Amino acid sequence: MSLLEIKDLHISIGDKPIVKGVTLTIKQGEVHAIMGPNGTGKSTLAKAIAGHPDYIITDGEVLLDSRSVLAMQADERARAGMFLAFQYPSEIPGVSIANFLRAAVQSRMTEGEELDAAGYYKRLYAKMDMLKIDRKFTARSVNEGFSGGEKKRCEILQMAILEPKFALMDETDSGLDIDALRIVADGVNTMRGPGLGVLLITHYQRLLDYIVPDYVHVMWDGRLVKSGDKSLALELEAKGYDWVKKELAAATV
Ligand code: ADP
Ligand code: MG
């Protein structure tokens with residue numbers, strides 16, 4: 001079983017500290033949700049782990065089976081079994097989804113290893129059937145003119161074909177309508193199992209009605225200040241983030 005360990009991670013943008021010491025261990029097979037109000041550093045955490053160059057790790061580590069993820073290039077991270085879903089995926093005009101995914105699968109193979117095209121398409125179509133995606137979909141250019149829901153579908157299909165050990169998904173505040181939410185939820189639920197660990201970052205309690213997490217963590221001012229099981233998400237829904245704020249204020253008096 002693989003482990004993804006985030007250890008006392010500190011992240012700055014420019015010289016401004018945003019994430020101020022996050023520690024979290026995710027086992028393969030578990031779904032962890034990080035929730036929190038806007039501006040608390042959730043996306044910063046996701047982007048830094050994805051290797052975004054603007055986000056400076058000032059302290060701490062991220063380990064995948066004891067290997068430093070932070071020391072790896074983005075493609076190495078993928079080969080090691082990480083999948084990082086983008087909040088705002090890029091459009092790649094002229095490149096079909098089928099070819100894009102094929103290149104992604106190919107790039108994860110070791111040098112000299114040849115991709116078997118027939119086998120690839122068989123696997124692709126099996127994944128598409130599993131996710132109930134129309135065959136016509138993969139002939140379209142990657143994300144070009146896609147709706148929010150279609151972008152999510154493309155992202156989920158990438159995840160399915162790459163079969164990562166860990167998926168980090170930042171499903172932030174804007175642009176996720178109920179259809180897109182369902183696509184993400186159905187996709188994650190379909191792929192959920194002992195081989196997949198998920199870190200699901202969301203502002204929405206509602207997403208957690210569809211993807212029931214094993215653990216819920218609340219992020220506040222760059223730290224995980226509260227952890228629990230799925231009931232914590234329900235408690236947050238009922239009491240709002242002000243409740244966490246009051247608890248924190250009471251604890252520091
Ligand atoms: P969340 O995802 O929890 O809403 P973010 O990680 O997006 O929060 O943002 C945390 C803080 O970092 C906010 O104060 C935001 O203004 C700041 N921030 C995020 N991205 C940048 C950036 N590229 N440049 C400067 N400040 C940023
Ligand atoms: Mg965000």
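Guide: Leu63 has Ser68 in strand 5 as its bridge partner. Strand 4 (residues 55–64) and strand 5 run antiparallel and are joined by two bridges, where strands are said to pair if DSSP finds at least two bridges between them. The model is predicted: local features need pLDDT of at least 70 and side-chain atom pairs count only at pLDDT 80 or more, while totals for chains, interfaces and linings use all residues. Residues are numbered from 1 along each chain as its sequence is written, chains are lettered from A and ligands numbered from 1 in the order in which they are written, and side-chain values use heavy atoms, with hydrogens and water left out. Strands (E, at least two residues) and helices (H or I, at least four) are DSSP runs, numbered from the N terminus.

The open sheet to follow has four strands in the order 2-1-4-5, with antiparallel pairing. Strand 2 and strand 5 (67–68) are its edge strands, each pairing on one side only. Helix 1 (residues 42–50) packs on this sheet and touches strand 1, strand 2 and strand 4, contact being heavy atoms within 4.5 Å. The direction of helix 1 makes about 110° with that of strand 1; axes are lines fitted to C-alpha atoms, for helices over the stretch in contact, and angles run from 0 to 180 degrees between N-to-C directions.

Moving across from strand 4, the neighbour is strand 1, and these two pair in the antiparallel sense over eight bridges. Here Ile11 stands opposite Ile57 in strand 4.

Strand 1 (residues 3–13) is also joined to strand 2 (residues 16–27), by nine bridges, and these two run antiparallel. Lys27 in strand 2 is the bridge partner of Leu3, and Glu5 stands opposite Thr25 in strand 2. Strand 1 and strand 2 form a hairpin with two residues between the strands, in which Gly14 takes a positive phi near 60°.

Next comes ligand 1. The residues around ligand 1 include Ile13, Lys16, Ile18 and Tyr55, together with Pro37, Asn38, Gly39, Thr40, Gly41, Lys42, Ser43 and Thr44; a residue is listed if one of its heavy atoms lies within 4 Å of the molecule. A polar side-chain atom of Thr44 lies 2.5 Å from an oxygen atom of ligand 1. For Lys42, an N or O atom in the side chain is 2.8 Å from an oxygen atom of ligand 1. At Gly41 a polar backbone atom is involved, 3.1 Å from an oxygen atom of ligand 1.

For context, there is also an open sheet of six strands, ordered 6-9-10-3-11-12, with mixed pairing. Strand 6 (82–85) and strand 12 (223–228) are the edge strands there, and each pairs on one side only. From one strand to the next, the twist averages 20°. Helix 5 (residues 148–162) packs on that sheet and touches strand 6 and strand 9 (166–171), its direction making about 170° with that of strand 9. Strand 11 (residues 215–220) pairs with strand 12 in the antiparallel sense over five bridges, and the partner of Trp220 in strand 12 is Arg223. Helix 9 lies across strand 3 (31–35), strand 11 and strand 12, running at about 70° to strand 11.

Note on methods. A polar contact is a pair of N or O atoms within 3.5 Å; within protein, one must be able to donate a hydrogen and the other to accept it, and residues adjacent in sequence count only if both atoms are side-chain atoms.
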